[in-house]
Amino acid sequence: MYKVERQKLLLNFLQTKEMFNMNEIMEFVKPYHIKYVLLRRDLQELAAKNYITLSYGVVKWNNKVTIEDTSRLEKLNINYEAKKIIAKTAQQLIDDKDVIFVGAGTTCEEFVRQITKYVKIITNSKFVYEEALKNKNIADAVLLGGRLRERSGAFIGTFTEKALEIETFYKAFISVTNVDMEGKLYNNNETEASLETKVLDMASISYIISDSSKFNSIGFFDFYHAKDIDYFVCEKLPEISAEFKSKFII
């Protein structure tokens, strides 16, 4: 079993209650044939990332951690009013004839739904693409192909990343699953995170459009940092390190 799989397994188990002793954890991993030395190393890495706290043979779950990979259908009605506010605010950041990349996620879908400018959209999300086709203000929409991740509606993988390389865009609008107090950005899927890293690296101006509930929490894969993001669009100022507060557009 690969390290990522082991640690995901451990996290899913450890979040089921507030505290475990090592005997309980060793009993849990026994069917998976995980060696004790690997178990200790995994727990130390998870503690270093603030998922858990290790204390005198006891493992404590940190309540601010959220690792569940919520499906798109489950997300549709979560913080919907905040998403509408964010989408409306983000309209001020685009101009006629802009070429923009828009990532996957229900906040990104709402953003595209509200666009009134004559823009071209590039996306890896089939749902964002569908919203773009329905919006008569949008001049053109390009959907990057590849392997479809049904849970989020995002195309991911090597083919998608190769398709991205031939596209040119000026601004990128991305949603994230979590942002911790130190400014690390998270996505709960490693392959989606890989694509988003490339998108943010390619963009001249990068925007994170996520509601305040995503902040001061930790996800599974940290893939970027707030210091490298130009702006955050949020419905209100969230809990985050003071050094990043000037980046927020409310």
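Visitor: What makes Glu131 count as buried or exposed?

Guide: Glu131 counts as buried because its relative accessibility is 12%, and buried means under 20% relative accessible area, exposed over 50%, partly exposed in between, with a 1.4 Å probe and protein chains only. This is a predicted model, in which local features need pLDDT of at least 70 and side-chain atom pairs count only at pLDDT 80 or more, while totals for chains, interfaces and linings use all residues. Residues are numbered from 1 along each chain as its sequence is written, and side-chain values use heavy atoms, with hydrogens and water left out.

Visitor: Why is the pair Arg113 and Glu131 called a salt bridge?

Guide: A salt bridge is a side-chain nitrogen of Lys or Arg within 4 Å of a carboxyl oxygen of Asp or Glu. The closest N and O atoms of Arg113 and Glu131 are 3.1 Å apart, so the pair meets the rule. Arg113 is in helix α6 (residues 106-114) and Glu131 in helix α7 (residues 126-134), so the bridge ties together parts 18 residues apart in sequence. Helices here are DSSP runs of H or I, at least four residues, and strands are runs of E, at least two, numbered from the N terminus. Arg113 is partly exposed, at 37%.

Visitor: Which other residue meets Glu131 in a salt bridge?

Guide: Lys134 does, at 3.4 Å from N to O. Both residues lie in helix α7, three residues apart, about one turn of the helix. Lys134 has a relative accessible area of 57% and is therefore exposed. Glu110, Arg113, Glu131 and Lys134 are linked in a network of salt bridges, and the count by this rule comes to 14 salt bridges.

Visitor: What makes the contact between Thr177 and Asn178 a polar one?

Guide: A polar contact is a pair of N or O atoms within 3.5 Å; within protein, one must be able to donate a hydrogen and the other to accept it, and residues adjacent in sequence count only if both atoms are side-chain atoms. The side chains of Thr177 and Asn178 make such a contact at 2.9 Å. A polar atom of the Thr177 side chain also lies 3.0 Å from the backbone oxygen of Tyr186. Thr177 is found in the loop between β9 (171-174) and β10 (178-179), and is buried, at 17%.

Visitor: Why is a group of residues called a nonpolar core?

Guide: The name is given because the group is a set of buried Ala, Val, Leu, Ile, Met, Phe, Trp, Tyr and Cys residues joined through side-chain atoms within 4.5 Å. The largest has 28 residues, and those with the most contacts inside it are Phe101, Phe169, Leu185, Val199 and Phe232. Helix α9 gives the most to this core, with four residues.
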